[in-house]
Amino acid sequence: GKPYIAHFSARRMKDDCLQCHGDPESAPASLVERYGAKAAFHRPVGEVIATDTIAIPVESVTAAMRKEALAQSGLMSVAIGLLFAGILMVFRLLVGRRLGAMKEAFERTASQLEHGQVVSVPADGRDEISFLAVSFNAMVNKVRDAYASLERRVEERTEALEMANSELAAQA
């Protein structure tokens, strides 16, 4: 009354089998006694004489498959969790750390009173973060140049003003 998964394999009469099962007269006495003189004899070669049957209850197979599926799902979940954790760690090491260093450099630059002291950030690699660092360093160089130019102009104007004041004092 229960469903089964079954495999049937036919056994056929072979020439070798006819030595015992061909004619009851030439068969061993124990075989004739066991099957009688007609039941297991006079079969043609190739005829199906028996079947090998293996039957497994479906219930036990599905229970084993369910158990294996749960185990595999749990293992896969753990593996995916470890993969995501590894990706997160690598991302933080390769990207987050570098972006954090750049953020600190931006904040340090924005808070400095002496713009001539602006510090570049390391720009190693060939990725977007490195290109951002190169751009930041170019901006830092322009700020330094502008600050140096401004200082030169202030010194020139201060000298010109001092000379003008000296000339005015000499005329008075």
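Which helix does Asn137 lie in? Asn137 belongs to helix α4, which covers residues 128-171. Please keep in mind, as you look through these views, that the model is predicted.

**View 1. The fold from end to end.** Here you can follow four helices and two strands through the protein. Starting at the N terminus, the elements come in the order β-α-α-β-α-α. The protein has a radius of gyration of 48 Å, well over the 16 Å that the globule rule gives for 172 residues, so the protein is more spread out than a compact globule. Along the principal axes, the C-alpha trace spans about 160 × 35 × 20 Å.

**View 2. Contacts along the chain.** This view turns to residue pairs in the protein. Among contacts with a separation of 6 or more, 62% are accounted for by residues 24 or more positions apart.

**View 3. The surface and its charges.** The accessible surface of the protein is about 13,800 Å², and carbon and sulfur atoms hold 61% of this area. Of the 172 residues, 12% are buried. As for charge, there are 20 positive and 22 negative side chains, with the centres of the two sets 8 Å apart.

View 4. Back we go to Asn137 in helix α4. Is Asn137 buried or exposed? Its relative accessible area is 14%, and buried means under 20%, so Asn137 counts as buried. Look next at its partners: with neighbours within four places in sequence left aside, Asn137 is in contact with Ser120, Val121 and Ala123.

Definitions and conventions. Residues are numbered from 1 along each chain as its sequence is written. This is a predicted model: local features need pLDDT of at least 70, side-chain atom pairs count only at pLDDT 80 or more; totals for chains, interfaces and linings use all residues. Side-chain values use heavy atoms; hydrogens and water are left out. The radius of gyration is taken over C-alpha atoms; the globule rule is 2.2 Å times the number of residues to the power 0.38. Buried means under 20% relative accessible area, exposed over 50%, partly exposed in between (1.4 Å probe, protein chains only). Contact means heavy atoms within 4.5 Å. Accessible areas come from the Shrake-Rupley method with a 1.4 Å probe; for residues, only the protein chains shown count as cover. Lys and Arg count as positive and Asp and Glu as negative; His and the chain ends are not counted. The place of a charge is taken as NZ of Lys, CZ of Arg, CG of Asp or CD of Glu.
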